[in-house]
Amino acid sequence: MELGAVLEAVDGCSAAAGGVGVGVGIAAAEAAERALLRYNEENRAIFRFDPADEDKRKKLCEGILNILEKDTKTSCQTACLEALRILSRDKKVLVPVTTKRNMQILMRLAKLDTVEDPLERVSEFPVIVEALKCLCNIIFNSAVAQKLSLELNLAAMLCNLLKKCKDQQLAGDIKCFDLRLLFLLSLLHTDIRSQLRQELQGVQVLTQALESSLNVRWTGEYKTVEDRNRPPLSLQETNCAVEALKALFNVTLDSWNVHSKNESHQFRYMAAILRYCLLTTGPTEDKTEELHSNAINLLSNIPVSCLDVLISPSSQEETDIKYNGMNMGAIQILLDFMEKRIDKGSSYREGLTPVLSLLTECCRTHRNIRKFIKAQVLPPLRDVSSRPEVGTTVRNKLVRLMTHVDLGVKQIAAEFLFVLCKERVDSLLKYTGYGNAAGLLAARGLLAGGRGDHWYSDDEDTDTEEYKSAKPNINLITGHLEEPMPNPMDEMTEEQKEYEAMKLVNMFDKLSRLLVLRPVHEATDTQEGDELIKPMGVRPDGTMAPLEEAVSQYHTNKQDSSDSD
């Protein structure tokens, strides 16, 4: 249907009505409704609009809001709101929409400005849902609407509506879009995020919404019911849980420092719900992954001292995944999720680094988690015939990431393995080889060996007999067993050896004198002192330095040691 015909029908309906609150003419309203229903059907999947019709779309938005301001039947309101939702996908037409009056019209239709229970009449649910969807689009696409949201106290109204949806099964869609709107507000406006955290008790409200979406049942403090046979969440429950997780992520940003006992309790309570969430499945595999991904993101915001509730003493019938009598079901889910994201082979920074960071902090702080994960990721070495990065085990996959092109990815992968090795250089090199670990060790100033700053228990790792027998022949750089190679100098005369040695010295000297940025074919213009490669050495403290400086420091340390004797 042509846009002009729709605009004509809407204008006719708007003109047929009197002032605010006066009912719309029945015939005109039905004509506008039919035109809008047809427009909605034809444009439901449209996200790109013809620039030539921009003025018509603006006028259509104004006409729709004029109808919505007056009394009309529910079906007409729903058609108007759906059309407005489609039109609001275009940022350029939102200027006439984003006024205080028009925002208040939509808030009224969403039942956000009433003290009465907005969920008494089920027939009004479609209007409430469509009004919330319109607000989502408008606030997402308009900075003016975001400022008006703070002025109109929209976040407080949404929290009130959310509380009323708590026990209303029929209000699932309302709850879902209420949560999505809170997510957008907390994402796009820092003042609203602070308001939610400090004034509106947003953490508690959103946590309760998450708890009701997941149907959590409790057996004790921070301990939920373990039911292996519980059915998957419905699509609506999963969507609500995901929106609650995203909103909570925004509201709990910068929450690493817990300042009070009450806050500590709130985060432990949240962590227990997130543990339950990790052990829950959605209606499809993709929805389960989305649910778990958002749960992991939120867990990364929780102070690591509160994450001990992810593991708990386990009874025999609860789970088969345990370590030292502790239930490790949630940790196993995190490990499986990490491996699945590695196997995807793309979007590592967004998809993999959150779970790797979470596991690294858990291992650094909680001994039982570290020992359980190490037993699976870095089991005792037996076969060292292949390079550490070659193979299909989790260890092989993580070692490959240590040389990834993305600096952030390779740093967190290396840090995770380093923590599993209790930040001991000799243990890390055993599992990765010096070549793969060099970047981390250089950044940490540990090229000369030693260990990191964090304290770990003194329990020692035990090597297998197979590893002990192969250890003398392991190449420390590559980290695997190599067959002895014939020495090419065995058949050389002393003159040939001396010639090859001088040839190598001359090559290094030539390289060290080449221009820094000049191509090789221009090296004939090399000036004295210009360098392409500078010989480097390792200082006594494990950091890199020019070779002359490193050797000088070693001599100085040796002399000081002799003088003290």
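Residues are numbered from 1 along each chain as its sequence is written, and side-chain values use heavy atoms, with hydrogens and water left out. Because the model is predicted, local features need pLDDT of at least 70 and side-chain atom pairs count only at pLDDT 80 or more, while totals for chains, interfaces and linings use all residues.

Two packed helices are described by the angle between their axes and the distance between the axes. Here, axes are lines fitted to C-alpha atoms, for helices over the stretch in contact, and angles run from 0 to 180 degrees between N-to-C directions. Helices (H or I, at least four residues) and strands (E, at least two) are DSSP runs, numbered from the N terminus.

In contact terms (heavy atoms within 4.5 Å), A29, E33, L36, L37, Y39, N40 and N43 of α2 meet S75, C76, A79, C80, E82, A83, I86 and L87 of α4. This contact has 10 nonpolar, three polar and two charged residues, where Ala, Val, Leu, Ile, Met, Phe, Trp, Tyr, Cys and Pro count as nonpolar, Asp, Glu, Lys and Arg as charged, and the others, Gly among them, as polar.

Next come α11 (residues 202-214) and α12 (residues 235-251), packed at an angle of about 160° with their axes 9 Å apart. These helices are therefore roughly antiparallel to each other, and their crossing is left-handed. On the α11 side the contact includes V203, L206 and L210, and on the α12 side it includes C240, A244 and L248. By class, the contact residues are 11 nonpolar, two polar and one charged.

For α15 (residues 329-344) and α18 (residues 367-377), the axes come within 11 Å and cross at roughly 45°, which makes α15 oblique to α18. This crossing is right-handed. I331, Q332 and L335 in α15 meet I369, F372, I373, Q376 and V377 in α18, giving six nonpolar, two polar and no charged residues.

On a 1 Å grid over the protein atoms alone, a cavity is a set of points where a 1.4 Å probe fits but cannot get out, and lining residues have an atom within 4 Å of a point. The second largest cavity is lined by Y222, K223, T224, E226, A272, R275, V309 and S312.

Terms used. Parallel < 35°, antiparallel > 145°, perpendicular 65-115°, else oblique. Left-handed = near helix turned anticlockwise from the far one by under 90°. 1 Å grid on protein atoms, 1.4 Å probe; cavity = no way out; pocket = protein on both sides within 12 Å on 5 of 7 lines; lining within 4 Å.
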